[in-house]
Amino acid sequence: MREMIISELSQAMHELARGFAHYLPRLIVMLILAFAGWAIAYVAKVLLRSILRLIQFDRLSENAGAAQLLTKAALPSATEVVSRFVFWIVWLGFVLLGVSVLGIMGLQEQIGKFFYFLPRLFVAMFILFVGLLAASFFSRAALLAAVNANVPSPRVLSLAIRSIIIVFVLSIVFEELGIAEQTMLVAFGIGFGALMLGLAIAFGFGGRDLAQRFLEQRFVRAKKDENEDEFSPL
Amino acid sequence: MAEDSFLTDDLLRQLINVGEVDILVGLPTHNNAKTIGSIVQTIQSGILRWFPRERAVIINADGGSRDGTPELVTGASIDDVRRGSNPYALRTLHSISTKYANSPAAPVAFRTILAAAELLQAKACVVMSPESSSVEDEWISKLLRPVRNDGFDLVAPTYRRHKFEGLLITNLLYPVTRALYGVRLREPYAQEFGFSGRLGGEFLTQNVWDDGSPGDGIELRFTLAAITTQHRMCQCFLGQKDHVEQRGADLVPALRQTVGPLFSALEPDFPFWSAVSGSQPLPTLGPEHEVLLDLVRVNRKRLREMFATGVAELAAVFQSILSPDTLAELQRIALLEENDFEYPAELWVKTVYEFAASYHKSVISRDHIIQALAPLFRGRALAFITEHRNGSAEDVENSIEALCLEFERLKPYLLEIWKSRE
């Protein structure tokens, strides 16, 4: 009995040692990959940070309105956020590569999905950034044009343009990420339709006086103002 | 002959037929049928009267007119003018019209005129506005003689204006040009001016045509180029300035045509203007300015309203452009009543300089910076009009002079913020 137990234990120990000997090189490879990944990710972060500072990415994100969002969320500057994001993505990529070397069943498929998802994530982030930039640019252009044309409530007009562009961009971003595509499509349709309907109703009823004033200023007062001498600036 | 390829084959053929000339009159047009006939006749009359023995040509650079403007230029008969002025004129006066594009583009029109002048080896050139309803044949002489006889390279005009006309020039362009470039040039943005073939040829070779800077305001760039390359300049009093569409003039396009190119030129010209201190007067033929004091009604309430709305609604935009102190001061004066309204010279100078520095650094879109200046300029115009409602010509002139000195005094402030925002 005793010998049998010892024999089983010995066999188990051998199995464990063989298993360990089988996995040890893979574990070492994984650790090497994780360490090398960390070093590469760190270098990538430093390089990217320098490049972003050189191209004044913070100012660009300020123009896009992204900097304000980050400040509200108590996050560091856009340059820092992007650099850190790239660091974690690169390192995580290496760590997952190392994990895949271990050959653990079930994880392989998930890791493959992650690498398949990465390009879409980057594209989505790019679309989001460019979208925010466009929203900021066009809303400011509308605001300036409205102020200089003496249109009533210029900020409302500007905000409406910004909101429409952001909603549109977010719907594209979610579609790109493949997150609840159908839900987002329906939500976007409902949201956009409601916004347009709301604007139409608001302009028709709530803004009746505003519309009247606007049209009067445009077509009645404009003539009167022209008659009151306004000098050529040049 | 560097600009040969820029000109169309048809224009080149016509220019070759003309041969060399002494005088070239450039006429950029776009749908100016209302005025162009009389202007061409005035030009012809001026040439026959004042330069009867010179070889002369009128070059009309048209931006795709659809009202028959080019036909009016080439069809204007010189015989009527000849009978009425100088029957002994010996030379032939050529009129050439060329369509450079289907839509107007001032730089292309001006480049066409300069290229033609270089090809024809014109000694003296003059550009005339196609809109001016008050042009006289004597203007041709006044703008060309200093070039022909006295060796000047640029002759800028001065005009008789109402005290509230051209406020963008008197309150911004003239003082800024004077303070930064050190030259007391009353009309830096001239629609009529004379220049030597030498200056025109040099400007053609400058890198201003494809540098991505604002298309309009090429006349201002030309004037600034004459200053920075230290060509001989003078001013000449022409008389009353009047435009056909004067009342419809819009502020934002005017700012784009003038302030945009001025701010844009400050970058390449930095080594020049940063080394200049004080300002020097220019030789002037005739009075430097004349002011009309007719009583006029101005909608001050609307100006104040647009200024106050602009300051309130564009606060977020101004935060990117102006310093906190300047913005706070603007927000304070935006609350003032119409009759108590004032926009102090120092505050206006700081506003303009901070806009120039922000334009240099492109803190936001450059066109947005120029547009954002419009409501503030309205505030400054309101303050000027309020201050000089009953003012004499001398009061107005003293006020402009004081503003110029303020711009000169605060020039170190511009240098400081220009560098600090690098």
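What is the mean pLDDT of chain B, and what percentage of its residues reach 70 or more? The mean is 89, and 92% of the residues of chain B reach 70 or more; pLDDT is the predictor's confidence in each residue, from 0 to 100. The model scores ipTM 0.86 and pTM 0.82. This is a predicted model, in which local features need pLDDT of at least 70 and side-chain atom pairs count only at pLDDT 80 or more, while totals for chains, interfaces and linings use all residues. Residues are numbered from 1 along each chain as its sequence is written, and chains are lettered from A and ligands numbered from 1 in the order in which they are written.

**Domains**

Chain B has domain 1 (4-292) and domain 2 (300-420), with bounds that come from an automatic or database domain assignment. The centres of domain 1 of chain B and domain 2 of chain B, taken over C-alpha atoms, are 30 Å apart. Between them, 25 residues of domain 1 of chain B are in contact with 24 residues of domain 2 of chain B; two residues are in contact if their C-beta atoms, placed from the backbone, lie within 7 Å. On the side of domain 1 of chain B that touches domain 2 of chain B, α7 (167-181) and α10 (251-266) of chain B each supply at least two residues. The most, ten residues, come from α7(B). Helices here are DSSP runs (H or I, at least four residues), numbered from the N terminus.

Chain A is likewise divided, into domain 1 (26-104) and domain 2 (118-224). Here five residues of domain 1 of chain A are in contact with six residues of domain 2 of chain A.

**The interface of the chains**

In the assembly of the two chains, 20 residues of chain A are in contact with 33 residues of chain B. At least two residues of the chain A side are supplied by each of α5 (107-148), α6 (154-177) and α8 (208-227) of chain A. The largest share of that side, seven residues, comes from α5(A).

**Helix packing**

Axes are lines fitted to C-alpha atoms, for helices over the stretch in contact, and angles run from 0 to 180 degrees between N-to-C directions.

| Helix pair | Angle | Axis separation |
|---|---|---|
| α5(A) and α6(A) | about 170 degrees | 8 Å |
| α15(B) and α16(B) | about 175 degrees | 10 Å |
| α5(A) and α16(B) | about 30 degrees | 9 Å |

Angles under 35 degrees count as roughly parallel and those over 145 as roughly antiparallel. Accordingly, α5(A) and α6(A) are roughly antiparallel to each other, and α15(B) is roughly antiparallel to α16(B). By contrast, α5(A) and α16(B) are roughly parallel to each other.

Within chain B, α15 (residues 345-361) and α16 (residues 366-387) form one of these pairs. Their contact involves W348(B), T351(B), F355(B), S358(B) and Y359(B) of α15(B), together with R366(B), I369(B), L373(B), L376(B) and R380(B) of α16(B).

Across the two chains, R140(A), A141(A), L144(A), V147(A) and N148(A) in α5(A) meet H368(B), Q371(B), A372(B), A374(B) and P375(B) in α16(B). The residues of this contact divide into six nonpolar, three polar and one charged, where Ala, Val, Leu, Ile, Met, Phe, Trp, Tyr, Cys and Pro count as nonpolar, Asp, Glu, Lys and Arg as charged, and the others, Gly among them, as polar.

Methods
Parallel < 35°, antiparallel > 145°, perpendicular 65-115°, else oblique.
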